[in-house]
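Please open the model in your viewer and keep the selection panel at hand. The stops below each begin with something to select.

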Amino acid sequence: MKKIKNEAAFVKKAISIGENYATKRGYSGFSPTMSANQKVEALYRLLVLDKLIVPVPPDKEDLQSMKHKLALWIQKVLPADDPIFKQ
């Protein structure tokens, strides 16, 4: 797994956009007290279910891999001129 430049910023943006996507899709499981790690896992599983990202093999499924997949997903979703790419 190759490290992405500004991966933490991409993950933060993916959580933000992913929450909106999940809410529009009808998912109501996010609460203000939910941790970022719980949100990452919920979004990862939702995006895998919707076939928007390819799942990590079950034996290598951990939080870091899920964050990496979310970062890769958001890179493809965001327009190329988004300020996050210039950080």
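Begin by selecting helix 1 and helix 3 in this predicted model: the two helices pack at an angle of about 75 degrees, with their axes 8 Å apart. Because angles from 65 to 115 degrees count as roughly perpendicular, that is the term for the arrangement of helix 1 and helix 3. To see the contact itself, show the side chains of E7, F10, V11, K13, A14, I17 and G18 in helix 1, which meet Q64, K67, H68, L70, A71, W73, I74 and Q75 in helix 3. By class, this contact has eight nonpolar, four polar and three charged residues.

Next, select F10, F30, V40, L43, L70, W73 and I74, the residues with the most contacts inside the largest nonpolar core, which has 23 residues. Helix 1 (7–25), helix 2 (36–49) and helix 3 (63–77) each supply at least two residues of this core, and the largest share, six residues, comes from helix 2. Then centre on F30, which, leaving aside its neighbours within four places in sequence, is in contact with E19, A22, K39, A42 and L43.

Two of these partners of F30, E19 and K39, are joined in a salt bridge of 3.5 Å, N to O, which links helix 1 and helix 2 across 20 residues of the chain. K39 counts as buried at 15% relative accessibility, whereas E19, at 21%, is partly exposed.

Finally, select R45, whose side chain meets that of E41 in a salt bridge (3.0 Å, N to O); both residues lie in helix 2, four residues apart. R45 also forms a salt bridge with E61, again with the closest N and O atoms 3.0 Å apart, and E61 lies in the loop between helix 2 and helix 3.

Methods: Residues are numbered from 1 along each chain as its sequence is written. This is a predicted model: local features need pLDDT of at least 70, side-chain atom pairs count only at pLDDT 80 or more; totals for chains, interfaces and linings use all residues. Side-chain values use heavy atoms; hydrogens and water are left out. A nonpolar core is a set of buried Ala, Val, Leu, Ile, Met, Phe, Trp, Tyr and Cys residues joined through side-chain atoms within 4.5 Å. Buried means under 20% relative accessible area, exposed over 50%, partly exposed in between (1.4 Å probe, protein chains only). Contact means heavy atoms within 4.5 Å. Axes are lines fitted to C-alpha atoms, for helices over the stretch in contact, and angles run from 0 to 180 degrees between N-to-C directions. Angles under 35 degrees count as roughly parallel, over 145 as roughly antiparallel, 65 to 115 as roughly perpendicular and the rest as oblique. Ala, Val, Leu, Ile, Met, Phe, Trp, Tyr, Cys and Pro count as nonpolar, Asp, Glu, Lys and Arg as charged, and the others, Gly among them, as polar. A salt bridge is a side-chain nitrogen of Lys or Arg within 4 Å of a carboxyl oxygen of Asp or Glu.
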